[in-house]
Amino acid sequence: MELDTKLIHGGPLIDKYTGSSSVPIYQASTFHQSQFAESQEFTYTRFGNPTRKALEETIASLEFAKYGYAFSSGMAAISAVLLNFSHGDHVVLPKDIYGGAYQLVTEMFPKYGIEYTFVDETNLSSWEKAIKKNTRGIYIETPSNPLLTITDIKGVVMMAKQRNILTIIDNTFMSPIYQNPIKLGVDIVIHSATKFINGHSDVTAGLVVTNDEEIAETIYKTQKMFGSMLDPYDCWLVLRGIKTMKVRMEKEVENADFIAKELQKHSKVKAVYYPGLANHKGKELHFSQSSSGGAVLTFDLGSYENAKTLFENVTLPIVAVSLGGVESILSYPYTMSHACVPEKERLELGVTNGLIRLSCGIEDKHDLLNDLLRALDHVISENRPQKKII
Ligand SMILES: Cc1ncc(COP(=O)(O)O)c(C=O)c1O
(Lines give C-alpha, C1' and ligand atoms only; values in the text may rest on other atoms or scores of the structure.)
Protein backbone atom coordinates (compact mmCIF):
# COMPACT_ATOMS: atom_id res chain seq x y z
CA MET A 1 0.00 0.00 0.00
CA GLU A 2 1.38 3.43 -0.93
CA LEU A 3 1.81 6.04 1.79
CA ASP A 4 -1.08 8.24 0.61
CA THR A 5 -3.43 5.26 0.88
CA LYS A 6 -1.88 4.03 4.12
CA LEU A 7 -2.61 7.38 5.80
CA ILE A 8 -6.32 6.72 5.28
CA HIS A 9 -6.53 2.93 5.33
CA GLY A 10 -3.40 1.84 7.26
CA GLY A 11 -5.27 1.61 10.57
CA PRO A 12 -8.94 1.06 11.29
CA LEU A 13 -10.99 3.62 9.35
CA ILE A 14 -14.56 2.69 10.17
CA ASP A 15 -16.15 1.57 13.42
CA LYS A 16 -16.74 -2.17 13.27
CA TYR A 17 -19.99 -1.96 15.29
CA THR A 18 -21.76 0.93 13.56
CA GLY A 19 -19.83 1.54 10.36
CA SER A 20 -19.24 5.19 11.32
CA SER A 21 -16.74 6.84 9.01
CA SER A 22 -14.39 7.73 11.81
CA VAL A 23 -13.40 5.58 14.76
CA PRO A 24 -15.61 6.83 17.62
CA ILE A 25 -14.26 8.43 20.76
CA TYR A 26 -14.76 5.65 23.29
CA GLN A 27 -14.98 8.09 26.19
CA ALA A 28 -15.11 5.49 28.93
CA SER A 29 -12.85 4.74 31.85
CA THR A 30 -14.13 1.17 32.23
CA PHE A 31 -15.99 -1.54 30.30
CA HIS A 32 -18.86 -3.77 31.40
CA GLN A 33 -17.70 -7.37 31.73
CA SER A 34 -20.57 -9.56 30.59
CA GLN A 35 -19.01 -12.95 31.35
CA PHE A 36 -18.17 -13.46 35.01
CA ALA A 37 -14.39 -13.77 35.66
CA GLU A 38 -13.61 -14.16 31.97
CA SER A 39 -11.14 -11.95 30.19
CA GLN A 40 -12.17 -9.61 27.40
CA GLU A 41 -10.25 -7.25 25.12
CA PHE A 42 -11.11 -3.98 26.88
CA THR A 43 -11.55 -3.77 30.64
CA TYR A 44 -10.19 -0.41 31.80
CA THR A 45 -8.95 2.52 29.69
CA ARG A 46 -5.55 2.72 31.34
CA PHE A 47 -4.98 -0.85 30.14
CA GLY A 48 -6.51 -0.37 26.70
CA ASN A 49 -9.17 1.61 24.83
CA PRO A 50 -10.59 1.07 21.31
CA THR A 51 -9.85 4.63 20.15
CA ARG A 52 -6.29 4.40 21.45
CA LYS A 53 -5.90 0.98 19.86
CA ALA A 54 -6.89 2.44 16.47
CA LEU A 55 -4.24 5.15 16.81
CA GLU A 56 -1.60 2.68 17.99
CA GLU A 57 -2.28 0.39 15.02
CA THR A 58 -2.14 3.35 12.66
CA ILE A 59 1.24 4.65 13.84
CA ALA A 60 2.68 1.13 13.82
CA SER A 61 1.57 0.73 10.22
CA LEU A 62 3.01 4.11 9.17
CA GLU A 63 6.38 3.34 10.76
CA PHE A 64 6.60 -0.23 9.40
CA ALA A 65 6.41 -1.60 12.93
CA LYS A 66 4.34 -4.32 14.57
CA TYR A 67 3.59 -2.55 17.85
CA GLY A 68 2.59 1.04 18.67
CA TYR A 69 1.79 2.88 21.92
CA ALA A 70 0.20 6.29 22.49
CA PHE A 71 1.26 8.52 25.38
CA SER A 72 0.03 11.79 26.84
CA SER A 73 3.00 13.75 25.42
CA GLY A 74 6.27 13.29 23.59
CA MET A 75 8.05 13.55 26.95
CA ALA A 76 5.81 10.83 28.42
CA ALA A 77 6.87 8.62 25.51
CA ILE A 78 10.56 9.48 25.94
CA SER A 79 10.34 8.87 29.71
CA ALA A 80 8.62 5.51 29.23
CA VAL A 81 11.53 4.39 27.06
CA LEU A 82 14.50 5.96 28.85
CA LEU A 83 13.39 5.16 32.39
CA ASN A 84 13.51 1.48 31.52
CA PHE A 85 17.29 1.52 31.73
CA SER A 86 18.58 0.24 35.04
CA HIS A 87 21.13 1.06 37.68
CA GLY A 88 24.62 0.58 36.23
CA ASP A 89 23.53 0.93 32.57
CA HIS A 90 25.18 3.52 30.33
CA VAL A 91 23.38 5.43 27.55
CA VAL A 92 24.93 7.50 24.75
CA LEU A 93 22.98 10.52 23.47
CA PRO A 94 23.51 13.44 21.08
CA LYS A 95 24.71 16.80 22.38
CA ASP A 96 22.13 18.62 20.28
CA ILE A 97 19.14 16.98 21.90
CA TYR A 98 15.65 18.30 22.65
CA GLY A 99 15.89 20.31 25.91
CA GLY A 100 13.25 18.24 27.73
CA ALA A 101 15.10 14.99 26.98
CA TYR A 102 18.31 16.64 28.20
CA GLN A 103 16.64 17.59 31.46
CA LEU A 104 15.18 14.10 31.92
CA VAL A 105 18.59 12.49 31.42
CA THR A 106 20.63 14.90 33.52
CA GLU A 107 18.15 15.13 36.41
CA MET A 108 16.54 11.67 36.52
CA PHE A 109 19.31 9.30 35.40
CA PRO A 110 21.55 10.13 38.40
CA LYS A 111 18.67 9.29 40.77
CA TYR A 112 18.48 5.81 39.28
CA GLY A 113 22.25 5.30 38.91
CA ILE A 114 22.08 5.31 35.09
CA GLU A 115 25.23 6.70 33.44
CA TYR A 116 25.16 8.82 30.29
CA THR A 117 27.46 10.50 27.79
CA PHE A 118 26.54 13.24 25.31
CA VAL A 119 28.49 13.12 22.04
CA ASP A 120 29.01 15.19 18.92
CA GLU A 121 26.26 13.45 16.97
CA THR A 122 27.61 14.52 13.57
CA ASN A 123 30.77 12.44 14.00
CA LEU A 124 30.31 8.67 13.85
CA SER A 125 33.58 8.00 15.64
CA SER A 126 32.47 10.07 18.65
CA TRP A 127 29.54 7.65 19.14
CA GLU A 128 31.96 4.73 18.99
CA LYS A 129 34.43 6.33 21.41
CA ALA A 130 31.66 6.89 23.94
CA ILE A 131 30.61 3.24 24.04
CA LYS A 132 31.61 1.48 27.25
CA LYS A 133 31.30 -2.08 28.53
CA ASN A 134 28.03 -1.20 30.26
CA THR A 135 26.50 0.77 27.35
CA ARG A 136 22.97 -0.56 26.88
CA GLY A 137 21.38 2.17 24.82
CA ILE A 138 22.04 4.70 22.07
CA TYR A 139 19.57 7.55 21.57
CA ILE A 140 19.47 9.48 18.28
CA GLU A 141 17.63 12.63 17.21
CA THR A 142 18.09 13.50 13.52
CA PRO A 143 17.72 16.15 12.25
CA SER A 144 18.23 17.60 15.70
CA ASN A 145 16.37 20.34 17.51
CA PRO A 146 17.14 23.22 16.99
CA LEU A 147 20.27 23.09 14.81
CA LEU A 148 19.13 20.39 12.38
CA THR A 149 22.38 18.45 12.74
CA ILE A 150 22.48 15.07 11.03
CA THR A 151 23.34 11.70 12.57
CA ASP A 152 24.24 8.69 10.45
CA ILE A 153 21.39 6.38 11.48
CA LYS A 154 22.66 3.26 9.70
CA GLY A 155 26.22 3.85 10.93
CA VAL A 156 25.11 4.11 14.55
CA VAL A 157 22.75 1.12 14.21
CA MET A 158 25.53 -1.06 12.79
CA MET A 159 27.88 -0.16 15.63
CA ALA A 160 25.13 -0.82 18.19
CA LYS A 161 24.04 -4.16 16.71
CA GLN A 162 27.62 -5.51 16.82
CA ARG A 163 27.58 -4.86 20.57
CA ASN A 164 23.98 -5.78 21.34
CA ILE A 165 23.09 -2.19 22.25
CA LEU A 166 19.49 -0.96 21.95
CA THR A 167 18.91 1.92 19.51
CA ILE A 168 16.24 4.57 20.04
CA ILE A 169 15.39 7.52 17.82
CA ASP A 170 13.29 10.64 18.25
CA ASN A 171 11.78 10.94 14.75
CA THR A 172 9.63 13.99 15.48
CA PHE A 173 11.20 16.38 12.97
CA MET A 174 10.85 14.14 9.92
CA SER A 175 7.62 12.34 10.90
CA PRO A 176 6.78 8.93 9.39
CA ILE A 177 6.19 10.71 6.09
CA TYR A 178 9.86 11.43 5.44
CA GLN A 179 11.95 9.08 7.59
CA ASN A 180 11.28 5.49 8.67
CA PRO A 181 14.01 4.45 11.12
CA ILE A 182 12.62 0.93 11.71
CA LYS A 183 13.56 0.21 8.09
CA LEU A 184 17.10 1.37 8.90
CA GLY A 185 17.35 -1.09 11.80
CA VAL A 186 16.48 1.17 14.76
CA ASP A 187 14.81 -0.73 17.62
CA ILE A 188 12.51 1.95 19.07
CA VAL A 189 11.05 5.01 17.33
CA ILE A 190 9.56 7.86 19.34
CA HIS A 191 7.45 10.80 18.17
CA SER A 192 6.17 13.91 19.79
CA ALA A 193 2.80 13.61 18.01
CA THR A 194 2.08 17.08 19.36
CA LYS A 195 3.95 18.26 16.27
CA PHE A 196 3.47 17.15 12.63
CA ILE A 197 1.50 13.97 13.32
CA ASN A 198 -1.42 15.77 14.94
CA GLY A 199 -0.48 18.93 13.13
CA HIS A 200 -2.98 21.46 14.46
CA SER A 201 -1.39 22.69 17.71
CA ASP A 202 -4.35 21.48 19.74
CA VAL A 203 -3.10 18.25 21.37
CA THR A 204 -0.03 17.06 23.26
CA ALA A 205 0.74 13.43 22.47
CA GLY A 206 3.61 10.98 22.17
CA LEU A 207 3.99 7.74 20.23
CA VAL A 208 6.39 4.81 20.49
CA VAL A 209 6.75 1.97 17.98
CA THR A 210 8.89 -1.15 17.82
CA ASN A 211 9.07 -4.48 16.03
CA ASP A 212 10.43 -6.37 19.00
CA GLU A 213 7.87 -8.29 21.04
CA GLU A 214 9.83 -8.14 24.29
CA ILE A 215 10.43 -4.38 23.99
CA ALA A 216 6.76 -3.92 23.11
CA GLU A 217 5.70 -5.77 26.24
CA THR A 218 7.97 -3.54 28.36
CA ILE A 219 6.65 -0.34 26.77
CA TYR A 220 3.05 -1.49 27.23
CA LYS A 221 3.65 -2.31 30.89
CA THR A 222 5.33 1.05 31.45
CA GLN A 223 2.44 2.89 29.81
CA LYS A 224 0.07 1.00 32.10
CA MET A 225 2.16 1.42 35.27
CA PHE A 226 3.00 5.10 34.71
CA GLY A 227 -0.60 5.76 33.62
CA SER A 228 0.79 8.04 30.94
CA MET A 229 -1.45 6.88 28.08
CA LEU A 230 -3.20 9.30 25.72
CA ASP A 231 -6.88 9.89 26.49
CA PRO A 232 -9.57 8.79 23.98
CA TYR A 233 -10.51 12.27 22.77
CA ASP A 234 -6.91 13.21 22.00
CA CYS A 235 -6.37 9.83 20.31
CA TRP A 236 -9.29 10.66 18.05
CA LEU A 237 -7.86 14.12 17.26
CA VAL A 238 -4.46 12.62 16.40
CA LEU A 239 -6.16 9.99 14.20
CA ARG A 240 -7.93 12.79 12.38
CA GLY A 241 -4.69 14.77 12.02
CA ILE A 242 -2.89 11.77 10.53
CA LYS A 243 -5.28 11.60 7.57
CA THR A 244 -4.00 14.94 6.25
CA MET A 245 -0.38 14.66 7.42
CA LYS A 246 1.12 14.15 3.98
CA VAL A 247 -0.76 16.96 2.23
CA ARG A 248 -0.01 19.30 5.12
CA MET A 249 3.65 18.40 5.27
CA GLU A 250 4.23 18.70 1.53
CA LYS A 251 3.13 22.34 1.68
CA GLU A 252 5.06 23.01 4.89
CA VAL A 253 8.25 21.57 3.38
CA GLU A 254 7.80 23.59 0.19
CA ASN A 255 7.49 26.74 2.32
CA ALA A 256 10.51 25.89 4.51
CA ASP A 257 12.72 25.11 1.52
CA PHE A 258 11.76 28.39 -0.16
CA ILE A 259 12.23 30.53 2.94
CA ALA A 260 15.54 28.91 3.95
CA LYS A 261 16.97 29.65 0.50
CA GLU A 262 15.71 33.24 0.54
CA LEU A 263 16.95 33.95 4.07
CA GLN A 264 20.36 32.57 3.16
CA LYS A 265 20.76 35.44 0.68
CA HIS A 266 19.84 38.12 3.23
CA SER A 267 22.66 40.29 4.56
CA LYS A 268 21.17 40.53 8.06
CA VAL A 269 21.00 36.75 8.49
CA LYS A 270 24.23 35.34 9.90
CA ALA A 271 23.50 31.66 9.26
CA VAL A 272 20.65 29.41 8.16
CA TYR A 273 20.36 25.79 9.25
CA TYR A 274 18.16 23.65 7.02
CA PRO A 275 18.93 20.14 5.71
CA GLY A 276 17.70 21.10 2.24
CA LEU A 277 20.38 23.76 1.78
CA ALA A 278 23.31 22.86 -0.47
CA ASN A 279 25.86 23.84 2.18
CA HIS A 280 24.11 22.20 5.18
CA LYS A 281 26.56 19.92 6.97
CA GLY A 282 25.48 16.31 6.44
CA LYS A 283 23.02 17.15 3.66
CA GLU A 284 23.92 14.11 1.54
CA LEU A 285 23.80 11.80 4.51
CA HIS A 286 20.43 13.22 5.47
CA PHE A 287 18.97 12.59 2.03
CA SER A 288 20.31 9.03 2.07
CA GLN A 289 18.12 8.26 5.09
CA SER A 290 15.24 10.68 4.63
CA SER A 291 13.25 11.96 1.66
CA SER A 292 12.88 15.63 2.60
CA GLY A 293 14.61 18.60 4.19
CA GLY A 294 11.60 18.94 6.50
CA ALA A 295 9.48 21.89 7.52
CA VAL A 296 11.70 23.42 10.21
CA LEU A 297 14.57 25.81 9.70
CA THR A 298 16.69 27.77 12.12
CA PHE A 299 18.50 31.02 11.50
CA ASP A 300 20.84 33.23 13.45
CA LEU A 301 20.52 37.00 13.60
CA GLY A 302 23.67 37.38 15.67
CA SER A 303 22.28 38.99 18.81
CA TYR A 304 19.48 39.11 21.34
CA GLU A 305 18.50 42.61 20.16
CA ASN A 306 18.17 41.50 16.53
CA ALA A 307 16.14 38.44 17.49
CA LYS A 308 13.88 40.58 19.68
CA THR A 309 13.31 43.06 16.86
CA LEU A 310 12.33 40.28 14.47
CA PHE A 311 9.93 38.71 16.96
CA GLU A 312 8.33 42.08 17.66
CA ASN A 313 7.75 42.83 14.00
CA VAL A 314 6.50 39.59 12.44
CA THR A 315 2.76 39.37 12.05
CA LEU A 316 2.02 35.97 10.47
CA PRO A 317 3.84 33.26 12.45
CA ILE A 318 2.62 32.79 15.98
CA VAL A 319 5.38 33.20 18.56
CA ALA A 320 5.28 30.02 20.57
CA VAL A 321 6.98 26.94 21.93
CA SER A 322 6.32 24.00 19.56
CA LEU A 323 6.37 23.24 15.86
CA GLY A 324 4.57 21.19 13.26
CA GLY A 325 1.25 23.06 13.22
CA VAL A 326 -0.68 24.24 10.15
CA GLU A 327 0.18 27.78 11.28
CA SER A 328 3.81 28.91 11.09
CA ILE A 329 5.45 29.03 14.50
CA LEU A 330 8.43 31.15 15.43
CA SER A 331 10.38 30.08 18.50
CA TYR A 332 13.35 31.34 20.45
CA PRO A 333 15.23 28.17 21.51
CA TYR A 334 17.48 30.14 23.88
CA THR A 335 14.60 30.77 26.30
CA MET A 336 12.06 28.23 25.07
CA SER A 337 12.97 24.62 24.09
CA HIS A 338 16.49 24.89 25.57
CA ALA A 339 15.85 27.02 28.63
CA CYS A 340 16.48 23.98 30.84
CA VAL A 341 19.98 23.44 29.39
CA PRO A 342 22.62 25.34 31.44
CA GLU A 343 23.66 28.53 29.64
CA LYS A 344 27.31 27.51 29.15
CA GLU A 345 26.26 24.27 27.44
CA ARG A 346 23.56 26.03 25.43
CA LEU A 347 26.14 28.41 23.99
CA GLU A 348 28.68 25.64 23.37
CA LEU A 349 25.98 23.84 21.38
CA GLY A 350 25.37 26.88 19.22
CA VAL A 351 22.01 27.71 20.78
CA THR A 352 22.92 31.39 20.82
CA ASN A 353 20.79 34.36 21.79
CA GLY A 354 20.41 35.31 18.12
CA LEU A 355 19.00 31.93 17.08
CA ILE A 356 15.42 31.71 15.79
CA ARG A 357 13.52 28.56 14.80
CA LEU A 358 10.77 28.69 12.22
CA SER A 359 8.32 25.84 11.74
CA CYS A 360 6.57 26.54 8.48
CA GLY A 361 2.83 26.18 8.29
CA ILE A 362 0.61 25.88 5.21
CA GLU A 363 0.26 29.61 4.50
CA ASP A 364 1.31 31.11 1.16
CA LYS A 365 5.11 31.08 0.97
CA HIS A 366 5.36 34.61 -0.45
CA ASP A 367 3.18 36.03 2.31
CA LEU A 368 5.41 34.32 4.87
CA LEU A 369 8.61 35.51 3.27
CA ASN A 370 7.38 39.08 2.86
CA ASP A 371 6.37 39.17 6.50
CA LEU A 372 9.85 38.02 7.56
CA LEU A 373 11.53 40.49 5.18
CA ARG A 374 9.46 43.37 6.55
CA ALA A 375 10.45 42.36 10.08
CA LEU A 376 14.10 42.07 9.03
CA ASP A 377 13.95 45.67 7.73
CA HIS A 378 13.64 46.72 11.38
CA VAL A 379 16.80 44.81 12.35
CA ILE A 380 19.64 47.28 12.52
CA SER A 381 22.93 45.43 12.35
CA GLU A 382 24.13 43.78 9.18
CA ASN A 383 25.96 40.48 9.47
CA ARG A 384 28.66 39.35 7.14
CA PRO A 385 27.25 37.80 3.95
CA GLN A 386 27.31 34.03 4.06
CA LYS A 387 29.64 31.84 2.08
CA LYS A 388 28.64 31.62 -1.56
CA ILE A 389 26.46 28.60 -2.19
CA ILE A 390 27.56 26.30 -4.95
C1 LIG B 1 12.26 16.78 18.97
C2 LIG B 1 11.31 16.79 20.10
N3 LIG B 1 11.15 15.68 20.82
C4 LIG B 1 10.30 15.63 21.87
C5 LIG B 1 9.57 16.73 22.26
C6 LIG B 1 8.66 16.65 23.45
O7 LIG B 1 7.34 16.53 23.02
P8 LIG B 1 6.08 17.00 23.92
O9 LIG B 1 6.16 18.48 24.04
O10 LIG B 1 4.93 16.48 23.14
O11 LIG B 1 6.22 16.35 25.24
C12 LIG B 1 9.70 17.92 21.53
C13 LIG B 1 8.94 19.11 21.92
O14 LIG B 1 9.18 20.19 21.44
C15 LIG B 1 10.59 17.94 20.41
O16 LIG B 1 10.76 19.05 19.71
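How many aromatic pairs does the count come to by the ring rule (Phe, Tyr and the six-membered ring of Trp, centres within 6.5 Å)? I get nine aromatic pairs. Before going on, I note that this is a predicted model, with local features needing pLDDT of at least 70, side-chain atom pairs counting only at pLDDT 80 or more, and totals for chains, interfaces and linings using all residues. Numbering runs from 1 along each chain as its sequence is written, and side-chain values use heavy atoms, without hydrogens and water.

**Rings**

I looked up F31 and F42: they form a tilted pair, 5.9 Å centre to centre with 40 degrees between the planes (under 30 degrees would be stacked, over 60 edge-to-face, the rest tilted). F31 and F42 are both buried, meaning under 20% relative accessible area with a 1.4 Å probe, protein chains only. Next I checked Y332 and Y334, also a tilted pair, at 6.1 Å and 55 degrees; both are buried. I also jotted down one aromatic cluster made of Y102, F109, Y116 and F118.

**Ligand**

For polar contacts I took N or O pairs within 3.5 Å. A polar side-chain atom of D170 is 2.6 Å from a ligand nitrogen. Ligand oxygen atoms lie 2.8 Å from a polar backbone atom of G74 and 2.8 Å from a polar side-chain atom of S192. Taken alone, the ligand exposes 390 Å² (Shrake-Rupley, 1.4 Å probe), and the protein buries 91% of that.

Key. A polar contact is a pair of N or O atoms within 3.5 Å; within protein, one must be able to donate a hydrogen and the other to accept it, and residues adjacent in sequence count only if both atoms are side-chain atoms. Buried means under 20% relative accessible area, exposed over 50%, partly exposed in between (1.4 Å probe, protein chains only).
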